Amino acid sequence: MGLFRINRQTPTVTGPRRLDCGASLYRAGDEGQAWRLRRGVLRLDTPQPGGERFASLAIANDIVGCETLLFGVYTFSASALTDCELIPWPEGEAGLAGDSLLATLARVQQRAAEVVALRGGQAVDRILALVRLLVEGDGQVVLPTRQAIADITDLRFETVSRVIKQLERSGVLNPARVVGVHATRSFHYAG
């Protein structure tokens, strides 16, 4: 018997799934299926003695939970940092095509490098790097809670709050109104 268990169960969900900010997608150790994140940001946490610890981020077009195809269970816990929309993965036969899979693997490697960079250097640079990861094509960005930003960037809550206020005063982040999002979390990025 090897380390890997091939899980060939059919997906339990066949259509899109929406998650509100703060909602859990899955918990480490649960059985389930893989997902492609169409919109939003997910936080991935790893189980540790005494709780869970930040491990990574997933943003639009990333795939999460694919370890269930090998191990039968999720390795990480995933929760929504912003409102999210997901679809089951793979998305049919086209989702298994070599070019699509290679592009996905390349994005995963790039995301890992980006997340590592978020945890070192000057506080303002870490937070700006996170903002750049989260900004949408139109310049809108919905930030996670200040505590989530602190966890992701390995900074103190107070430092995160101070830097965000500094970015607002300098005009890099301009408050924007987004329906259903708290006023302190939605901005237009002018960087």
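## Lining of the largest pocket

The lining of the largest pocket divides into 20 nonpolar, three polar and three charged residues. The structure is a predicted model. The volume of this pocket is about 620 Å³. It is lined by 26 residues, and those closest to its centre are Ile63, Val64, Cys66, Glu67 and Val108.

Four elements, S5, S6, helix H1 (68-71) and H2, each give at least two residues to the lining. H2 has the largest share, with eight residues. Rolling a probe the size of a water molecule over the atoms shows where empty space is left.

Val108, one of the residues closest to the pocket centre, belongs to helix H2 (residues 98-117). Its relative accessible area is 43%, so Val108 is partly exposed. Along the chain Val108 and Asp62 are 46 residues apart, while their C-alpha atoms are separated by 7.1 Å.

Asp62 sits in the loop between strand S5 (51-59) and strand S6 (63-64). With a relative accessible area of 6%, Asp62 falls under the 20% cut-off and is therefore buried. The side chain of Asp62 makes a polar contact of 2.7 Å with the side chain of Arg111. Leaving aside residues up to four places away in sequence, Asp62 touches Trp35, Arg36, Leu37, Leu57, Arg107 and Arg111.

## Backbone geometry

Most residues other than glycine have a negative phi, and most peptide bonds are trans. Asn61 has a positive phi, near 80°, and is not a glycine. Asn61 is placed in the loop between S5 and S6, the loop that also holds Asp62. The relative accessibility of Asn61 is 38%, so this residue counts as partly exposed.

Asp154 also is not a glycine and has a positive phi, about 60°. Its place is in the loop between helix H4 (146-153) and helix H5 (157-169). Asp154 has a relative accessible area of 47%; this lies between the 20% and 50% cut-offs, so Asp154 is partly exposed.

The peptide bond from Trp89 to Pro90 is cis, and its omega is near 5°. Pro90 lies in the loop between strand S8 (84-89) and H2.

How values were computed. Residues numbered from 1 in each chain as written. Predicted model: local features only at pLDDT ≥ 70, side-chain atom pairs only at ≥ 80, totals over all residues. Heavy atoms only, no water. Buried < 20%, exposed > 50% of the residue type's maximum accessible area, 1.4 Å probe, protein only. Polar contact = N/O pair within 3.5 Å; in protein donor to acceptor, adjacent residues only side chain to side chain. Contact = heavy atoms within 4.5 Å. 1 Å grid on protein atoms, 1.4 Å probe; cavity = no way out; pocket = protein on both sides within 12 Å on 5 of 7 lines; lining within 4 Å. Points joined across faces, edges and corners; volume = space filled by probe spheres on them. Nonpolar A, V, L, I, M, F, W, Y, C, P; charged D, E, K, R; others polar.
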